[in-house]
Amino acid sequence: MNRIQLFLLKLYTFGKIKETRYIKEIDEEIAIKKGRGYPQAVPFINVILFPESIFKDYDKETIRYFYFHEKGHKNKNYLISSILCLIAILSAIISTSAFFSSILLLVLSKYLLMGICLIYFLVFLLIFSGTSWYLEIVAERYAIQRLGKQKYKQIKERKRKKYNLGIFDSVMGRITHPPYWMYKKIFKIS
Ligand SMILES: [Zn+2]
């Protein structure tokens with residue numbers, strides 16, 4: 001991790017970076033931030049970031065899965081993944097603004113414009129979701145290659161049983177990540 005990456009990462013996390021740590025399994029230096037959150041390969045800065053809470057909340061095997069999944073995100077050609085992330089972020093912004101515009105137009109009784117906004121909302125939500133699902137499938141493929149199908153299945157099913165997410169997290173999770181059964185289909189896991 002170079003100084004520019006570290007500097008940008010500090011901005012991105014509002015200065016919450018605790019340390020950087022070399023991880024043998026992925027042959028990579030990752031950043032650890034204070035508090036809660038989820039592991040991520042930060043787009044554009046190209047650094048893997050873990051919240052320290054992960055190390056308390058999950059067992060070693062699951063953490064290994066997180067390493068490989070995030071490494072899978074990072075392994076992807078940097079330029080392509082940055083472009084895809086940009087498309088996803090722009091689509092999310094357009095989709096969200098179209099949604100709130102349609103509510104405003106409903107209040108103003110401009111139904112035709114509201115309909116157009118709703119179409120924008122759906123189309124860009126689909127683009128956002130599709131791009132994100134594609135990036136997740138690529139990352140998951142790498143994790144499965146590294147862990148093997150059986151180990152992967154064990155870890156995923158244990159993780160699913162243990163953690164029930166709230167409604168907001170479940171909906172956001174589904175918009176950005178394919179469901180487990182789809183991974184099982186795609187990667188032929190029985
Ligand atoms: Zn991911």
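T20 stands opposite A31, a residue of β2. Strands here are DSSP E runs of at least two residues and helices are H or I runs of at least four, numbered from the N terminus; two strands count as paired if DSSP finds at least two bridges between them.

A word on the ground rules. The model is predicted, so to speak of a local feature takes a pLDDT of at least 70 and side-chain atom pairs count only at pLDDT 80 or more, while totals for chains, interfaces and linings use all residues. Numbering starts from 1 along each chain as its sequence is written.

Let us follow the sheet from A31. β1 and β2 run antiparallel and are joined by 6 bridges. They make a hairpin with 4 residues between them. On β4, A31 has another bridge partner, L49. Here the sense is parallel, with 3 bridges between β2 and β4 (residues 47-51).

The whole sheet is open and has 4 strands in the order β1-β2-β4-β3, with mixed pairing. β1 and β3 (40-42) are the edge strands; each has a single partner, so one side of each lacks a neighbour in the sheet. From one strand to the next, the twist averages 35°.

Two helices meet this sheet. Helix α1 packs on it, touching β1, β2, β3 and β4, and its direction makes about 40° with that of β4. Helix α3 (residues 60-75) lies across β1, β2, β3 and β4, at about 25° to β3. Contact means C-beta atoms, placed from the backbone, within 7 Å. Axes are lines fitted to C-alpha atoms, for helices over the stretch in contact, with angles from 0 to 180 degrees between N-to-C directions.

Now for the loops. Most residues other than glycine have a negative phi.

F14 counts as exposed because it has 8 C-beta neighbours inside 10 Å. D27 is exposed too, with 8 such neighbours inside 10 Å. The scale calls a residue buried at 20 or more other C-beta atoms within 10 Å of its own, exposed at 12 or fewer, and partly exposed in between, with C-beta atoms placed from the backbone.

Finally, the overall layout: the protein is divided into domain 1 (1-60) and domain 2 (80-190), bounds that come from an automatic or database domain assignment. Their centres, taken over C-alpha atoms, are 23 Å apart.
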